[in-house]
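Trainee: Please pick one part of this model and take me through it closely. Give the cut-offs behind each term as you go.

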Amino acid sequence: MGALAALLLGDGRLPVGGHTYSAGLEPAVAAGLTRDRVPALLRARLRTTAVTEAAGAVLALRAAHRTPVAYEPVQRALAARMPAAPQREVSATLGRGVHRLARRLAPDHPAVTALAGLGSRPLRPVAFGALGALGAVMGVTAAELAHAVVHDELQTVAAAALKLLPGDPLDSVAWLLAARPDAESAVELALAVRTPDGLPARAAPLTEQWALDHARRERRLFLA
Amino acid sequence: MPDHENRPHTHHAGRPRALRLGVAGPVGTGKSSILAALCRALAPELSMAVVTNDIYTDEDARFLRSAGVLPTERIRAVETGACPHTAIRDDVTANLDAVEDLEEAYGPLDLVLVESGGDNLTATFSPALADAQLFCIDVAGGGDVARKGGPGITGADLLIVNKTDLAPHVEVDVAAMVADAEAARDGLPVLALSRKDPASVAELADWVRALLVRHRAGVHVPTDPGPMAPHRHA
């Protein structure tokens with residue numbers, strides 16, 4: 001199931017609420033980001049938040065394969081690396097959609113039941129890790145999962161750009177291809193993380209400030 | 001099952017969960033006014049909540065809050081990423097989250113109204129989100145709208161021909177428009193409505209009450225009016 005499952009995980013049509021999210025683009029645009037700076041935003045995210053996201057998902061995937069399944073350390077480490085409250089809330093909202101899908105696919109799988117045992121809603125990387133661990137249904141390798149998370153991050157920005165900074169949609173494919181070296185190093189960094197303590201905490205202060213501003217904004221298209 | 005989400009018709013304790021009624025229809029046909037009218041008529045007897053989907057987060061929610069027909073915290077708006085049709089049909093995640101949050105905070109609820117962002121004639125609710133749906137068109141959109149059809153017009157549980165009080169001003173024959181709609185709907189009900197005609201509003205409220213009775217009795221089966229019909233942008 002691996003290769004197909006990996007494609008499903010990174011597919012924006014996966015019905016888990018991804019269309020409500022711009023991966024930080026709408027807050028950035030509100031702060032003045034222009035279309036020509038989208039590649040720079042992609043690079044910035046690939047070197048900061050995307051590494052943490054992908055590494056968190058990989059740690060959750062590995063946790064899901066152990067008995068008993070314990071996600072708390074990953075969940076706590078992730079939350080500590082999302083200092084702006086709206087970022088944690090949005091991650092939990094997006095994780096909720098992934099959790100709902102995992103429950104539908106394999107409600108009694110230990111990797112899924114352990115999500116409900118967390119004290120709070122699973123953050124999105126944790127839910128992705130659980131979903132990716134569903135062997136017969138959705139099983140993926142750590143590398144496939146990290147690629148899917150990073151790919152999803154890039155495509156989320158690119159798709160939201162079509163709404164927020166309209167231009168030729170073909171441009172966005174070129175943006176993603178140009179971002180490939182940074183995307184590959186984000187995946188490598190994520191795979192190298194072995195423990196929740198080692199989860200990278202790369203600060204992205206502007207991203208955090210924009211997320212705080214966005215949470216107070218009324219006329220928005222996207223959750224974040 | 002660890003939760004109630006995979007059992008669409010029962011609540012935690014086996015009580016039927018709230019009826020989820022979708023309200024769809026093109027922009028400007030009066031969906032928000034219908035929601036306000038339903039809240040005004042039914043909130044005294046039912047525990048209700050509302051979810052709105054608009055292009056920008058909360059225009060419709062603000063309209064309803066300012067109408068004062070329901071406690072403001074029972075009216076939630078969801079972001080649709082500029083995809084209102086996706087949010088009620090292809091990927092209902094954000095709306096399900098909002099409905100479940102309202103049930104958790106104020107439940108048990110009797111009725112949750114979900115208003116679609118005004119889209120075109122082809123956007124209808126997935127049964128994964130709405131147990132039943134109203135589709136709203138209006139006389140000001142032209143007398144031939146009902147004849148043009150589309151999944152909402154032909155298949156919604158109730159079709160509303162709204163703003164009948166404007167008919168003389170736009171030279172539309174309401175009776176003919178209703179007859180066209182009935183012909184397109186193969187026996188499904190059509191209601192000519194005006195917020196200035198209290199009898200028509202009472203008829204709408206009665207239709208919802210009767211639907212709620214069927215929902216609670218477990219005999220109402222959600223039906224899908226159909227997917228987005230092929231449409232051209234000529």
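Mentor: I begin with the packing and then turn to one strand. The largest nonpolar core holds 77 residues, and A:Ala54, A:Val58, A:Ala60, A:Ala130 and A:Leu145 have the most contacts inside it. A nonpolar core here is a set of buried Ala, Val, Leu, Ile, Met, Phe, Trp, Tyr and Cys residues joined through C-beta atoms within 7 Å. Buried means that 20 or more other C-beta atoms lie within 10 Å of a residue's own; with 12 or fewer it is exposed, in between partly exposed, and the C-beta atoms are placed from the backbone. The model is predicted: local features need pLDDT of at least 70 and side-chain atom pairs count only at pLDDT 80 or more, while totals for chains, interfaces and linings use all residues. Residues are numbered from 1 along each chain as its sequence is written, and chains are lettered from A and ligands numbered from 1 in the order in which they are written.

Helix 10 (residues 142-164) of chain A gives this core its largest share, 13 residues. Helices (H or I, at least four residues) and strands (E, at least two) are DSSP runs, numbered from the N terminus. Leaving out residues up to four places away in sequence, A:Leu145 touches A:Leu9, A:Ala57, A:Val58, A:Leu61, A:Phe128, A:Gly129, A:Gly132 and A:Val140; contact means C-beta atoms, placed from the backbone, within 7 Å. Another core, of 65 residues, lies apart from it and includes B:Leu129, B:Ala130, B:Leu158 and B:Ala167.

Chain A has 13 helices and zero strands. Of its 224 residues, 55% count as buried. For that length a compact globule would have a radius of gyration near 17 Å, and the 16 Å of chain A agrees; the radius is taken over C-alpha atoms, and the globule rule is 2.2 Å times the number of residues to the power 0.38.

In chain B, seven strands form an open sheet in the order 3-2-4-1-5-6-7, with parallel pairing. Strands pair if DSSP finds at least two bridges between them. The edges are strand 3 (75-78) and strand 7 (190-192) of chain B, each pairing on one side only. Neighbouring strands are turned by 20° against each other on average, direction ignored; axes are lines fitted to C-alpha atoms, for helices over the stretch in contact, and angles run from 0 to 180 degrees between N-to-C directions.

Strand 4 (residues 111-115) of chain B is joined to strand 1 (residues 19-24) of chain B by five bridges, and the two run parallel. B:Leu21 has B:Leu113 as its bridge partner, and B:Val23 has B:Glu115. Strand 2 (residues 48-53) of chain B also pairs with strand 4 in the parallel sense, over five bridges; there B:Val50 stands opposite B:Leu113.

In a regular strand the side chains alternate between the two faces of the sheet. B:Leu111, B:Leu113 and B:Glu115 point one way from strand 4 of chain B, B:Val112 and B:Val114 the other way, and all are buried. Because five of the five residues of strand 4 of chain B are buried, it is largely enclosed by the rest of the structure. Helix 9 (residues 198-216) of chain B lies across strand 4 as well as strand 1, strand 5 (132-138), strand 6 (158-162) and strand 7 of chain B, running at about 150° to strand 7.

Note on methods
Contact = placed C-beta atoms within 7 Å.
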